[in-house]
2 protein chains.
Amino acid sequence: MNNSNSLITDVITAIRSVVGVGTFALHEPNFGDLEQRYLMDCLNSGYVSSVGAYVDKFEGLIAEYTGIRNVISTVNGTSALHLALLATGVTTNDEILMPSLTFAATANAVIYCGAYPIFVDSSPLNFNMDLIVLEEWLKANTTFKECRLININTGRRIKAIVPMHTFGHSCDMDLLLDIASKYHLEVVEDASEGLGSFYKERHVGTFGTVGVLSFNGNKIITTGGGGAILTNDDLLAKNIRHLSTTARIKHPWEVAHDQVGFNYRMPNLNAALGCAQIERLENFRVSKRKLNEAYLQAFKDIHDIRIYQEPRNCSSNYWLQSLILSENVLNKKESLLKETNAHGISTRPLWKLMHQLKHFSNFQKTTMHGSELLAKCVINIPSSPHLL
Amino acid sequence: MNNSNSLITDVITAIRSVVGVGTFALHEPNFGDLEQRYLMDCLNSGYVSSVGAYVDKFEGLIAEYTGIRNVISTVNGTSALHLALLATGVTTNDEILMPSLTFAATANAVIYCGAYPIFVDSSPLNFNMDLIVLEEWLKANTTFKECRLININTGRRIKAIVPMHTFGHSCDMDLLLDIASKYHLEVVEDASEGLGSFYKERHVGTFGTVGVLSFNGNKIITTGGGGAILTNDDLLAKNIRHLSTTARIKHPWEVAHDQVGFNYRMPNLNAALGCAQIERLENFRVSKRKLNEAYLQAFKDIHDIRIYQEPRNCSSNYWLQSLILSENVLNKKESLLKETNAHGISTRPLWKLMHQLKHFSNFQKTTMHGSELLAKCVINIPSSPHLL
């Protein structure tokens with residue numbers, strides 16, 4: 001048995017020592033009696049679509065948990081991002097700073113607005129936008145004209161910055177908000193992966209002008225498909241809610257609209273599932289944090305691979321657990337992925353970096369040393385809340 | 001009691017003679033044991049999100065019912081329209097012919113593509129695009145350049161025509177297809193209201209290059225929120241499916257994308273509800289057709305108001321039942337709406353015509369005599385399948 005095989009065997013053994021025998025998805029939801037009860041109640045009410053008590057209840061529960069004033073639930077995280085950007089005033093030909101290391105939805109939402117992403121490097125310390133690289137880029141490439149931040153290379157306005165809390169680990173929000181303030185940037189937090197994660201005891205997604213959550217099937221809680229927009233700005237919330245419901249003018253029977261709107265409202269059926277799930281969120285969060293400790297213990301004797309732990313000031317939901325390969329075993333990444341998946345243990349590398357996707361390759365970017373290193377050394381492993 | 005009050009009393013009495021006492025929505029869904037069973041089965045499977053057996057099954061059932069080769073289910077009818085337009089090659093600065101008499105989603109989807117709607121009049125005969133007005137407009141305002149239909153007023157390409165089968169009553173598809181063929185127009189059928197409606201025994205939504213259905217809570221069957229794209233073109237179907245699932249490149253663990261995609265796939269949870277509903281569709285259709293006969297009978301002695309019946313060559317699902325006011329009682333429309341709603345009988349006028357919405361008022365349009373007449377004389381009345 002060569003070293004490569006030995007390492008792979010060690011990794012599989014370590015994961016199995018935590019999760020046991022069987023096949024394991026990267027992240028699966030967990031449902032019980034509560035989900036059944038709420039779904040049946042929703043069905044019996046006759047309200048399964050875009051109006052209903054569960055949508056309001058779900059929004060209230062999310063508001064309570066995250067400590068935000070307003071929650072608007074949507075059909076998914078992508079639509080939430082789209083509306084969040086539009087609501088903060090992003091428009092055609094604006095430029096938006098965002099990490100290259102993210103799921104494609106972040107970049108797609110920028111494109112839907114007719115805006116241009118500028119891809120920013122990420123830091124190996126927390127998988128999130130490298131704020132030193134960001135500020136260097138801003139210093140070298142921007143100027144102010146009539147209080148607007150202008151990209152000197154394109155002449156276009158840079159309107160917003162979209163931090164993404166990768167795998168539930170929070171960005172350094174203090175520093176990010178300082179930079180945003182200095183450069184007059186709107187902050188739209190992509191907290192799609194961050195429900196149950198806190199930065200200095202404040203929930204992620206509540207620092208920016210608006211924040212976004214996702215409740216896709218692979219997230220810490222799910223509504224089937226779903227997302228939400230968080231904001232403390234009441235007027236903005238009213239506008240977002242209006243836009244998400246086809247911009248229909250309120251009237252008991254007339255149907256008219258006052259602008260181009262969207263059909264982005266979460267159906268009541270999906271919200272019913274979400275109401276059950278959020279009641280169990282704190283348990284899921286505790287389980288997922290314990291899973292991190294168990295993996296930490298299981299991998300402690302494996303040289304060259306470590307289990308990632310939350311960054312300073314972040315209490316993470318550990319949405320996805322991550323292995324970090326050291327430099328001398330980077331060449332084993334592909335075999336590790338192949339063999340673990342072949343053994344029924346779902347594992348995954350990072351999403352292909354946005355600046356490396358062909359259709360995004362012509363957009364502007366900072367240096368990418370951090371992201372490209374992370375792409376070589378990170379592997380996500382099974383992370384469901386019920387694995388222990 | 002004056003004449004106006006007498007007419008209103010007669011209308012309320014006639015509706016109550018059909019539906020009985022109580023309050024009645026315009027259109028409510030009907031759920032039973034089957035819906036409960038499928039939802040519970042879906043929950044127990046653990047697959048509630050964008051992958052799952054119910055999505056495939058639902059698409060198969062819709063394909064079978066409508067007689068189409070390919071069905072791609074989506075989060076709602078609006079997203080289905082958006083993808084349908086994109087897939088047929090609609091792009092920025094194209095112009096799209098569509099009725100002014102429609103729900104706003106038809107126009108919004110055109111705007112999402114960066115295209116321009118041209119609003120066409122509708123005929124009092126079937127509530128659908130007036131094909132004589134349409135052809136006159138085309139003759140007077142277009143020319144061909146290099147096989148492209150060009151609007152001589154704007155110089156822009158007219159790419160497609162979007163007929164909408166209002167309230168489930170089919171357009172005259174033979175004539176529409178003739179015109180589309182003559183003018184090289186792609187046909188994108190907005191059959192959002194048409195599931196269960198047939199033109200010359202062929203299901204609506206299956207005549208154009210692509211067709212669109214909606215399963216919103218107020219439709220003949222519902223998935224909470226949902227829509228579908230129908231096409232006999234296998235390659236187009238493949239592209240639409242790819243676009244609807246974030247344009248992700250198939251791979252067991254890598255996550256990469258080959259174009260800007262959308263998060264438009266129907267969740268499995270919603271498809272489970274849809275599978276139960278479509279098994280009951282034929283019953284709903286029969287009930288709704290009987291409801292038309294019952295209303296016809298109930299209104300037969302009311303002068304000045306008639307119940308609308310399906311146009312020639314159309315076997316309609318009668319999604320929404322319609323009262324047609326004759327000219328001498330048009331001034332009673334507002335009182336009728338107000339009083340019926342006050343008595344717990346939901347009624348509604350037509351959607352405000354698209355060309356009369358302020359934000360759409362600068363787009364091109366044909367003459368609008370038919371639509372504007374219809375807006376004055378049509379009132380929809382309770383139409384749920386279980387009213388009899």
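1. How many residues of domain 1 of chain A are in contact with domain 2 of chain A, and how many residues of domain 2 do they meet? In this predicted model, 33 residues of domain 1 of chain A are in contact with 37 residues of domain 2 of chain A. The domain assignment places residues 3-28 + 282-381 of chain A in domain 1 and residues 33-279 in domain 2, and the centres of these two domains, taken over C-alpha atoms, are separated by 26 Å.

2. On the side of domain 1 of chain A that touches domain 2 of chain A, at least two residues each are supplied by α10 (281-298), β13 (314-315) and α12 (369-377) of chain A, and the largest share, 5 residues, comes from α12(A). By residue type, this side divides into 16 nonpolar, 13 polar and 4 charged residues.

3. Turning to the two chains, the contact between them takes 51 residues from chain B and 51 residues from chain A. On the side of chain B that touches chain A, the elements giving two or more residues are α2 (33-45), α5 (104-112), α9 (268-279), α11 (333-342) and β15 (348-349) of chain B, with α2(B) providing the largest share, 5 residues. The residues of this side of chain B comprise 22 nonpolar, 22 polar and 7 charged.

4. The largest nonpolar core holds 230 residues, and the members that touch the most other members are A:Ala84, A:Ile229, B:Ala84 and B:Ile229. Leaving aside residues up to four places away in sequence, B:Ala84 touches B:Val188, B:Val210, B:Val212 and B:Ile229.

Note on methods
Residues numbered from 1 in each chain as written. Chains lettered and ligands numbered in written order. Predicted model: local features only at pLDDT ≥ 70, side-chain atom pairs only at ≥ 80, totals over all residues. Core = buried A, V, L, I, M, F, W, Y, C linked by C-beta atoms within 7 Å. Buried ≥ 20, exposed ≤ 12 C-beta atoms within 10 Å, placed from the backbone. Contact = placed C-beta atoms within 7 Å. Domains from an automatic or database assignment. Helix = DSSP H or I, 4+ residues; strand = E, 2+ residues; numbered from the N terminus. Nonpolar A, V, L, I, M, F, W, Y, C, P; charged D, E, K, R; others polar.
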